[in-house]
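The sequence and structure are shown first.

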Amino acid sequence: MEKEISLRKGMFYNSVGSMTNLGCQWLTTVLVLRLGGYLAAGYLSLAMSITNIFYAFALYGMLSYQISDLKPEFVEKEYFAVKGCTALISTVLCAVSCFLNCYDSAQIVTVLLYMLYRALEALEDTFYGIGQKAGRLDLVGISKFIKGILSLTFFVVFLVVFQSVQWAIVGLFLAVALTLLVYDRSFLGRWITPARPFQWKKVKRLMLACFPFALSSVLSTITLSFPKIYLEKSIGTEILGAYSSVGAPVLIIQVVASYLFIPLATPFAQYYEKGEREKFKGLVLHFLKIAGVLILVALLGIKLFGGWGLRFLYGESILRYQSFLMPLAFCTILTAFMLFLDMLMVVIRSFGGLLFSNLLGISFVSLYLPYFVNYFGANGASYALIAALFVQIIAMVLFTVMKINRLNKE
């Protein structure tokens, strides 16, 4: 069996692969507007917003749980079994939701195709957990790199050949399927440990163990997705397309932050299990310092070059929506901090605090969203989300600090 590589080297490979995948995903949102217009971009954005909720259920809060399962309590095949069940259930629920919301046929087809693509990504996420837990983030990074390149290629080819955003999403599905079947099974699958036989009773236990975190993940995703879904219903698909297109470039802030903290889940779990409170706090502060510098640089760049960047990416017509940019940037920054705290609370198994914080966030966004959108237009969706995330983050910090302070010093 191959040896583990250093965390620094693994994080480098994972960062390169993740950034490539992010860049390719982002280019799909640029190209769909360039080649298909605001309506096609709106269809894609609606599909992404709706499926994000059900994708969160498909993921079932299991990645952080899996990579912090150091004993291990469950074997990899049991994680795959749970993910298969949740992916199927989430796809069915997504279909029911589309019909209950009375979307037109084009919207329903777009959403369901995108859900199938996301369900397959949820299964692939288990391979990423296997790789990270085995200390092979380099292999995870290579997988993300391959998936990103294939996804962009297939998306563009299908979009140009068929002139259809629905067929372009089929291309995304095929790209993930190829990566999973050809690369992930061969290179990450070899790290599946034969610790003990697969047990169905363990699958049931795992589903129960992860359910609290899955519920919290779904609630937080509703908080993030609801503003866009409401915006499409109240103002229209084309405005949603413009809103999402303006927001696409600043998503890099959130994703870069995520790629910095996700590899730290295992060290956080080790420090927490050993009761090393000061080391745990030190790692938190180290991440926050790096993230803080990156955020300041990003905000300065958006302030100075935001308009130029939008014109370069989308053309002159996008500038009438430039006012969306800065509020969306703050939404992205707060989302990154919320996801970091979410990961910490999963590692320390703070379900009660996580659930309460997410309920607080969804309550605030539901309460203020109609008023803000009515008063501020599309920017109201951003203002409502900023208020909700701010309140949610404060609650998450308080619960996390209280639980960490109970740890004994070494």
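## Packing of H13 and H14

The axes of helix H13 (residues 351-376) and H14 cross at roughly 160° and come within 7 Å of each other. This is a predicted model. An angle over 145 degrees counts as roughly antiparallel, and H13 and H14 are therefore roughly antiparallel to each other.

The crossing in which H13 passes H14 is right-handed. By class, 19 nonpolar and seven polar residues make up the contact of H13 with H14, with no charged residues.

## Packing of H3 and H7

Helix H3 (residues 76-100) packs against helix H7 (residues 200-234) at an angle of about 60°, and their axes are 9 Å apart. H3 and H7 are therefore oblique to each other. H3 passes H7 in a crossing that is right-handed.

On the H3 side, Glu78, Tyr79, Ala81, Val82 and Thr86 meet Trp200, Lys202, Val203, Leu206 and Met207 of H7. Sorted by class, the contact of H3 with H7 has seven nonpolar, one polar and two charged residues.

## The second largest pocket

The volume of the second largest pocket is about 330 Å³. Its lining consists of 16 residues. Val284, Leu288, Leu341, Val397 and Val401 are the lining residues that lie nearest the pocket centre.

Which helices each supply at least two residues of this lining? They are helix H11 (277-314), helix H12 (325-347) and helix H14 (379-404). By class, the lining has 13 nonpolar, two polar and one charged residues.

Note on methods. Residues are numbered from 1 along each chain as its sequence is written. This is a predicted model: local features need pLDDT of at least 70, side-chain atom pairs count only at pLDDT 80 or more; totals for chains, interfaces and linings use all residues. Side-chain values use heavy atoms; hydrogens and water are left out. On a 1 Å grid over the protein atoms alone, a cavity is a set of points where a 1.4 Å probe fits but cannot get out, and a pocket is an open set with protein on both sides within 12 Å along at least five of seven lines; lining residues have an atom within 4 Å of a point. Grid points are joined across faces, edges and corners, and a volume is the space filled by probe spheres set on the points. Helices (H or I, at least four residues) and strands (E, at least two) are DSSP runs, numbered from the N terminus. Ala, Val, Leu, Ile, Met, Phe, Trp, Tyr, Cys and Pro count as nonpolar, Asp, Glu, Lys and Arg as charged, and the others, Gly among them, as polar. Axes are lines fitted to C-alpha atoms, for helices over the stretch in contact, and angles run from 0 to 180 degrees between N-to-C directions. Angles under 35 degrees count as roughly parallel, over 145 as roughly antiparallel, 65 to 115 as roughly perpendicular and the rest as oblique. A crossing is left-handed if the near helix is turned anticlockwise from the far one by less than a right angle, and right-handed if clockwise. Contact means heavy atoms within 4.5 Å.
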